[in-house]
Amino acid sequence: MTRVIGVRFRPAGKIYFFAPGKLKIKTGDKVIVETARGVEFGSVVTGPKEVEDKQITQPLKQVIRIATQEDKQKENKNREKEKEAFGICLEKIRKHGLEMKLIDAEYTFDNNKVLFYFTADGRIDFRELVKDLASVFRTRIELRQIGVRDETKIRGGIGICGRALCCHTYLSEFAPVSIKMAKEQNLSLNPTKISGVCGRLMCCLTNEEEIYEELNSHLPGNGDHVTTPEGLKGDVQSVNVLRQLVKVIVTLDNDEKEIREYKASELRFKPRRRKRDAKLSKEEMEELKRLEEKNGASRLDDN
């Protein structure tokens, strides 16, 4: 076990571990640490705790110091300089006629490097742009291509729920999202209904996936054969997952058919296995393929 603190460098960003050493550090403190890209200013989001060695990426770097007032002022100045750097880079991109969309500019705390984040449809030859920027800023320049999910995470926005985007407020890392999760939750496969601001499948589809898997495991599927409490045979017309109710088309003694609603616990049927890959019809499979080709639903753009 190793004693560490968790540090975050941007809102809802990934949490990195550092050794606190003999410093008395608590959650909410600002610290100066050395990272792979230089000296950085970060916020402590998890206080000192013991974690297993396998959770740590070696070598574990120590905290340089708790941020002073001068450090905080320098960080604020860097944020202002980033706005200016963003404008300059935007102008240079136009000058070189590059097909790229600038997303953000970021200075390392020690001003040893300026990072520019951008999106593009393909690979971009930005070597001349880097030379041009280096002559302006007189420091190391790094251009980093990111995906549409990362773009949305950086910029933020409002989701269809009316709240600030999860990825921009609290979601540290992207979880795998599958369109079959939408099917499991009986959601429409209409891309406009299940896609987020980034154009990819909404991350919140994972929030209730586990409970829907559990609830669905106690329900028959549409079209399944069931036996009612009265001993009648019937086929499932529809199910209400949250209420655990099932509408059944039963065949009466006079061969007439009637739709009746039962609690799932009252019916006898072969239970479904708990799994993520809910069965899709041929039409739904075709819609799935179209959606994945359009939105890249089967993959994520990680940092």
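Which residue just after α2 takes a positive phi? Arg138 does, at about 55°. This is a predicted model: local features need pLDDT of at least 70, side-chain atom pairs count only at pLDDT 80 or more, and totals for chains, interfaces and linings use all residues. Residues are numbered from 1 along each chain as its sequence is written, and side-chain values use heavy atoms, without hydrogens and water.

**Overall**
- The protein has eight helices and twelve strands (DSSP runs numbered from the N terminus: H or I, at least four residues, for helices; E, at least two, for strands).
- Of its 303 residues, 40% count as buried (under 20% relative accessible area; exposed is over 50%, partly exposed in between; 1.4 Å probe, protein chains only).

**Helix α2**
- In α2 (residues 127-137), Leu129, Asp132, Leu133 and Phe137 are buried.
- These residues cover an arc of only 120° around the axis, so they sit on the same side of α2 (the arc is taken from directions from the helix axis to the C-beta atoms).
- Arg127 and Lys131 are exposed, on the face turned away from the buried side.
- Cover for the buried residues includes α1 (69-96), β6 (101-107), β7 (113-119) and β8 (140-145) (contact means heavy atoms within 4.5 Å).

**Sheet β6-β7-β8**
- Three strands form an open sheet in the order β6-β7-β8, with mixed pairing (strands pair if DSSP finds at least two bridges between them).
- β6 and β8 stand at the edges with a single partner strand each, so one side of each has no neighbour in the sheet.
- β7 and β8 run parallel, joined by six bridges.
- Phe116 stands opposite Leu143 in β8.
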